[in-house]
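Me: I would like to learn how to read a few features of a protein model. Please give the general idea each time, then the case at hand.

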Amino acid sequence: AGLDARGFLFGPLLAQRLGVGFVQVRKRGKLPGPTLSVAYQLEYGKAEVEIQQDAVAPGQKVLVIDDLLATGGTLLAACELLEKLQARVLECVVVVELQELGGAERVRPVPVFSLVQY
């Protein structure tokens, strides 16, 4: 599952390489059909993300990918959406993690893998 919007750059490529499907987690109002949404707190306000209700099957294993992990709000919201659909979030992958902001701790118990840490 890739987060809006830079997760859409990395997610499909990784999914293709692994031979698995790709699911979008988008800002509210961007997806067709019935969706499930969750609101979350940002440093500067509130936001909401959605996923299509039929995007994953119960028990399906999911890897969540995004470009940047700061405070973890968006990543946590994506994990919550997937868990509401009864998916098993195995891990979150980010390109850059800003460790000082503690986003990985916020997403626990889901493990976070980051390519670069600052």
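Me: Which residue forms a salt bridge with E105?

Reply: Side chains of opposite charge can pair when their charged atoms come close. The rule for a salt bridge is a side-chain nitrogen of Lys or Arg within 4 Å of a carboxyl oxygen of Asp or Glu. E105 pairs with R108, and their closest N and O atoms are 3.1 Å apart. Both E105 and R108 are exposed. Exposed stands for over 50% relative accessible area, buried for under 20%, and partly exposed for what lies in between (1.4 Å probe, protein chains only).

Me: What should I know about the model itself?

Reply: It is a predicted model: local features need pLDDT of at least 70, side-chain atom pairs count only at pLDDT 80 or more, and totals for chains, interfaces and linings use all residues. Residues are numbered from 1 along each chain as its sequence is written, and side-chain values use heavy atoms, with hydrogens and water left out.

Me: How many salt bridges does the rule give?

Reply: The count is six. One of them joins K27 to D4, with the closest N and O atoms 4.0 Å apart. K27 lies in strand β2 (residues 24-27) and D4 in the loop between β1 (2-3) and α1 (7-18), so this pair ties together parts that are 23 residues apart in sequence. K27 is partly exposed at 47% relative accessibility. D4 is buried at 18%. D4, R26 and K27 are linked in a network of salt bridges. Helices (H or I, at least four residues) and strands (E, at least two) are DSSP runs, numbered from the N terminus.

Me: Where do R6 and D67 lie?

Reply: R6 lies in the loop between β1 and α1, and D67 in strand β5, so their pair ties together parts that are 61 residues apart in sequence. Their side chains meet in a salt bridge at 2.4 Å, N to O. R6 is exposed at 52% relative accessibility, whereas D67 is buried at 16%.

Me: How many disulfides are there?

Reply: A disulfide needs a pair of cysteine sulfur atoms within 2.5 Å. The count here is zero. C79 is in no disulfide; its nearest cysteine sulfur, that of C92, is 3.5 Å away. C79 is buried, with a relative accessible area of 2%. C92 is buried too, at 0%.

Me: Which residues have the most contacts inside the largest nonpolar core?

Reply: In soluble globular proteins, nonpolar side chains tend to be buried together. A nonpolar core is a set of buried Ala, Val, Leu, Ile, Met, Phe, Trp, Tyr and Cys residues joined through side-chain atoms within 4.5 Å. The largest one has 27 residues, and V25, V64, L75 and L82 have the most contacts inside it. Its largest share, six residues, comes from α2. Leaving aside neighbours within four places in sequence, L75 is in contact (heavy atoms within 4.5 Å) with L3, V64, L69, C92, V94 and V107.

Me: How many bridges join β3 to β4?

Reply: Two strands pair if DSSP finds at least two bridges between them. Eight bridges join β3 (residues 35-42) to β4 (residues 45-52), and the two run antiparallel. They form a hairpin with two residues between them. L36 has I51 in β4 as its bridge partner.
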